[in-house]
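Hello,

Here is the structure I promised to pass on. Have a look through it first, and my notes follow below.

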Amino acid sequence: MTKQEHDKLSEERGQTEIILEEMLNEQQYSFSILGQEYYKKVCEDPDILISNLSDYVDTVKVSELEIAKLEEDIKGMNRLLKEPLDLVCSKCGRIMDPNAKYCSECGAQLEKEEQDINCPNSHILE
Ligand SMILES: [Zn+2]
């Protein structure tokens, strides 16, 4: 092989590797869709479960529950984060209702803290 042929082949290999990588990614995507569809069918009809795939089906079931729980947790946190902040008396440190004007313990005037109004999904953009 001449130097020129070597370089040409080397370049061709690089391009072929890129195409291979793309094909593998596409195949991976198709496999995941296939898996999702199979999973849906198995949930409807457990009889079609292929026994050596049962671990994966169980793993997906567990992760679905965990994901649902985490999504609920985040919803709950978003609700709490949107509520007005309790006021802390700067004199005695007691925690007062967000609407209170004066501390019910020591009578000091309460100042409202600035509350950031954040989009509940703003963390996704960070
Ligand atoms: Zn107070």
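**What I found**

This is a predicted model, and the protein chain has a mean pLDDT of 90, with 89% of its residues reaching 70 or more. Confidence is highest in helix H1 (residues 3-44), at 95, and lowest in helix H3 (residues 122-125), where the mean is 61.

**The overall layout**

The protein chain holds 3 helices and 2 strands. Going along the sequence, their pattern is α-α-β-β-α. How much of the protein chain counts as buried? The figure is 3% of the 126 residues. Take the contacts between residues at least 6 apart in sequence: 11% of them join residues at least 24 apart.

H1 has 42 residues, which at 1.5 Å a residue should span 62 Å; the end C-alpha atoms of H1 are 61 Å apart, so the two values agree. H1 is also hardly covered, as the count of buried residues in it is 0.

Helix H2 (residues 54-82) can be checked in the same manner: its 29 residues should span 42 Å at 1.5 Å a residue, and the end C-alpha atoms are 42 Å apart, which agrees. Is H2 buried or in the open? The number of buried residues among its 29 is 0, so H2 lies largely in the open.

UniProt, in an unreviewed entry, lists residues 53-80 as "coiled-coil region". In the model, that stretch is 96% helix and 0% strand, and its end C-alpha atoms are 41 Å apart.

**The stretch after H2**

The unreviewed UniProt entry also places a feature called "domain: Zinc-ribbon" at residues 89-110. Here the chain is 0% helix and 9% strand, with end C-alpha atoms 6 Å apart.

Why does glutamate 111 count as exposed? A residue is exposed if 12 or fewer other C-beta atoms lie within 10 Å of its own, and glutamate 111 has 11 such neighbours, so it counts as exposed. What separates glutamate 111 from cysteine 89? They are 22 residues apart in sequence, and their C-alpha atoms are 8.1 Å apart in space.

Best wishes

Key:
Residues are numbered from 1 along each chain as its sequence is written. This is a predicted model: local features need pLDDT of at least 70, side-chain atom pairs count only at pLDDT 80 or more; totals for chains, interfaces and linings use all residues. UniProt positions are given in the numbering used here, feature names are shortened, and annotations may be inferred rather than shown by experiment. Helices (H or I, at least four residues) and strands (E, at least two) are DSSP runs, numbered from the N terminus. The expected span of a helix is 1.5 Å times one less than its number of residues. A residue is buried if 20 or more other C-beta atoms lie within 10 Å of its own, exposed if 12 or fewer, and partly exposed in between; C-beta atoms are placed from the backbone. Two residues are in contact if their C-beta atoms, placed from the backbone, lie within 7 Å. pLDDT is the predictor's confidence in each residue, from 0 to 100.
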